[in-house]
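Dear colleague,

Please find below the structure that I am handing over to you. My notes on it follow directly after.

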Amino acid sequence: MKKYSIGISSLLAVALIFVFSAGCSSGGSSDSKYPEKSAIGSFPIDGMAYKSFLSGSTIYVTYGKYSLELEYGIYAINISDPATPSLNKKITTPDNVEGLAFDSDKVYVLHLDWDEGRQWYSKLIAYDASLDPTTDSIDFDNFGTGVAVSNGYAFISFADSSTDSMRIIDLSTFTEEETYPLDNGSYHIRVNGSRAYLSGQSVALEIVDITDPESPEHIGSYDNPFGSAPQDLYIYDNYALLSSGSYGVAIIDISDEYNPAFIEFNDEPGYAKKITAAGSMVFLADQDSGVIVIDASSGVDNFVVKGICKTSFTVQDMCVSGNYVYAVSTDSSSPNGNGLLEVFDISSWQE
């Protein structure tokens with residue numbers, strides 16, 4: 001294991017950064033030192049599966065097919081019985097789906113594609129609970145990367161050179177209320193209460209006060225030491241967790257949100273892709289291993305790896321609910337990149 005010092009002031013509180021990696025390849029032979037679990041149920045995705053979103057007893061999986069004609073869409077999969085996932089609905093979309101957010105009986109879908117001039121454009125569309133599009137939508141002439149919804153507003157991150165920003169949309173009128181400028185864009189956005197957290201190419205973490213959504217205010221930030229955008233961002237207690245590809249997993253201490261603290265990181269084989277948490281458990285989608293399940297009940301500085309949910313293909317994303325991990329993976333060796341939703345029972349690792 002290699003450690004790299006970032007060399008920031010000793011006045012900063014210690015923030016620990018780990019890579020939780022087993023150093024083995026998904027779908028192949030395993031030499032992992034950790035216990036492994038196989039799926040108890042699965043559902044096939046006809047295309048390359050990219051992202052997953054959980055709402056109630058439904059998992060929404062985005063996909064793309066790249067044969068003679070492009071096809072994008074969303075699977076809505078019922079997980080009321082985790083062992084036997086079933087299809088609620090499948091829809092095709094006019095372009096790629098970058099994000100989903102949920103509010104009451106609406107599903108807000110952020111679309112992204114090229115226009116005829118080969119410029120990025122995005123569109124936020126409100127769908128009803130049955131995934132039928134409504135007449136509510138708004139267009140943007142730039143690269144939308146993520147969406148979160150809170151208290152009647154949508155918060156959308158953008159990463160597109162001069163138009164880097166967070167846009168705030170009043171969902172009662174579907175009009176843009178405010179633009180919060182960003183330095184070199186954001187690829188991930190999370191909203192917790194009165195705070196928006198963004199992560200991008202230049203700034204690893206930007207914290208914004210959205211108590212008044214029409215007048216967002218900067219609180220604190222930390223520059224990105226990696227030189228590349230993190231793969232994912234999750235807020236866990238007083239920490240921001242950033243999965244950073246081959247750099248591993250970064251944990252930034254945000255207990256003093258005006259002065260986020262970042263001191264060192266560990267680097268091991270593996271590729272940290274997606275990260276989330278539930279209760280005292282942290283879950284990392286390592287595309288070289290599967291979904292790694294970590295017990296952080298004794299603190300992030302005293303974690304225990306419980307085991308690995310071994311996916312059939314290269315893991316892309318996951319959701320967690322109760323005793324189950326729902327992992328989305330893609331067979332990149334297939335011409336169209338067939339995907340799979342797999343369900344893992346982790347109850348024995350939560351005891």
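Ala278 stands opposite Met281 in β25, in a model that is predicted. The pairing to which these residues belong joins strand β24 (residues 272-278) and β25 in the antiparallel sense over six bridges. Two residues lie between the strands in this hairpin, and Gly279 takes a positive phi near 65° there.

β25 also pairs with strand β26 (residues 290-295), again in the antiparallel sense and over six bridges. The hairpin that joins β25 to β26 runs through three residues.

Strand β25 itself (residues 281-286) is mostly covered, with six of its six residues buried. In a regular strand, side chains alternate between the two faces of the sheet. In β25, Met281, Phe283 and Ala285 point one way, while Val282, Leu284 and Asp286 point the other way, and all are buried.

Three cavities of 30 Å³ or more are present in the structure, and the largest cavity holds about 60 Å³ of space. Which residues line the largest cavity? They are Leu182, Asp183, Gly185, Ser186, Leu198, Ser199, Gly200, Val203 and Glu206. By class, this lining has three nonpolar, four polar and two charged residues. β17 (195-199) and β18 (203-209) each supply at least two residues of the lining.

Yours sincerely

Conventions:
Residues numbered from 1 in each chain as written. Predicted model: local features only at pLDDT ≥ 70, side-chain atom pairs only at ≥ 80, totals over all residues. Heavy atoms only, no water. 1 Å grid on protein atoms, 1.4 Å probe; cavity = no way out; pocket = protein on both sides within 12 Å on 5 of 7 lines; lining within 4 Å. Points joined across faces, edges and corners; volume = space filled by probe spheres on them. Helix = DSSP H or I, 4+ residues; strand = E, 2+ residues; numbered from the N terminus. Nonpolar A, V, L, I, M, F, W, Y, C, P; charged D, E, K, R; others polar. Buried < 20%, exposed > 50% of the residue type's maximum accessible area, 1.4 Å probe, protein only. Pairing = 2+ DSSP bridges.
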